[in-house]
Amino acid sequence: MVTLAAIFPPTQPPEQIGAVAAAAESAGLEQLWIWEDCFKESGIATATAMLATTSRITVGIGLLPAPLRNVALTAMELATLGRLFPGRLIAGVGHGVLDWMGQAGALAESPMTLLREYTATLYALLHGETVTTRGRYVNLDAVALDWPPAVPPPLLVGGIRPRTVSLAGELADGVIIPGGVSPEEVRASVGHLHGRRGAGRGRADVVVFISAPAAGPAEAIAATVREYAAAGATRVAVNADEEDADLERFTEFLAREVSPLVR
């Protein structure tokens with residue numbers, strides 16, 4: 001069964017985070033998704049505020065741009081959240097928007113090499129390993145977390161191109177597929193994802209972002225969600241089309257009117 005979620009985009013002001021998270025939980029929505037865009041809101045800070053405001057809802061970060069963040073710091077932040085809110089966090093990393101990475105002075109000459117080194121290292125740290133690595137971009141000397149999470153948050157990789165999706169299948173717990181991608185493209189990506197899945201790693205998670213009118217109709221949104229679920233999505237996160245949409249009402253609408261039509 002597919003999980004339905006709402007998106008709190010970083011175009012919304014931070015002061016709305018608490019009210020939207022509380023409304024989503026009160027309405028019975030299972031998940032909220034956020035991401036870290038330059039130069040808007042921090043994904044970690046937003047996730048922390050949402051988790052602290054609620055007691056049940058899961059928060060997914062989709063995604064944190066690897067070029068912008070030292071991997072040891074990201075591991076420390078995610079581990080802290082994992083211990084404070086066990087079982088309620090999903091973490092995603094990715095290339096980031098390359099133009100923004102250039103603006104921030106963090107553009108990597110080989111984004112794929114960076115993402116491979118970063119994902120493998122972050123996964124190991126979150127699972128309590130001591131890591132020594134000498135890579136092109138990631139270099140650690142006997143680093144281990146003093147406070148690793150008892151329940152490591154699932155680590156996903158954002159992307160749509162075959163090499164990135166294959167990397168997600170090989171090194172992570174799943175993939176986050178951005179908006180604007182058709183169900184047929186998702187189905188192809190799922191093939192790449194599972195084709196590189198290592199033995200014993202379990203079924204990979206497939207998170208798909210979509211956009212929909214804030215006012216519905218509910219059946220049309222539910223039908224779209226079912227299409228992506230049939231293509232292999234395990235979670236579908238919905239972003240309101242309108243930038244000025246009332247996200248409190250939108251999360252309630254998804255939970256109470258769309259979700260029953262998806263199940």
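Let's start with contacts. Take the ones in the protein chain between residues at least 6 apart in sequence: 73% of those join residues at least 24 apart. Keep in mind, this is a predicted model.

What do we have in the way of secondary structure? The protein chain has nine helices and ten strands. On dimensions, the C-alpha trace spans about 55 × 40 × 35 Å along its principal axes. For 263 residues, you'd expect a compact globule to have a radius of gyration near 18 Å, and the protein chain agrees, at 18 Å. As for burial, 53% of the residues count as buried.

The accessible surface of the protein chain is about 11,400 Å², and carbon and sulfur atoms own 52% of that. On charges, we've got 20 positive and 28 negative, and their mean positions sit 8 Å apart.

Okay, rings. How many aromatic pairs are there? The count comes to three. One of them is Trp-33 with Phe-209, edge-to-face, at 5.9 Å centre to centre and 65° between the planes. Trp-33 is in strand E2, residues 31–34, and Phe-209 is in strand E9, residues 205–212, so this pair ties together parts 176 residues apart in sequence.

Are those two buried or exposed? Trp-33 counts as buried, at 0% relative accessibility. Phe-209 is buried too, with a relative accessible area of 9%.

Notes: Residues numbered from 1 in each chain as written. Predicted model: local features only at pLDDT ≥ 70, side-chain atom pairs only at ≥ 80, totals over all residues. Heavy atoms only, no water. Helix = DSSP H or I, 4+ residues; strand = E, 2+ residues; numbered from the N terminus. Rg over C-alpha atoms; globule rule 2.2 N^0.38 Å. Buried < 20%, exposed > 50% of the residue type's maximum accessible area, 1.4 Å probe, protein only. Contact = heavy atoms within 4.5 Å. Areas by Shrake-Rupley, 256 points an atom, 1.4 Å probe, with all protein chains shown as cover. Lys, Arg positive; Asp, Glu negative; His and termini not counted. Charge placed at Lys NZ, Arg CZ, Asp CG, Glu CD. Phe/Tyr/Trp six-rings, centres within 6.5 Å; stacked < 30°, edge-to-face > 60°.
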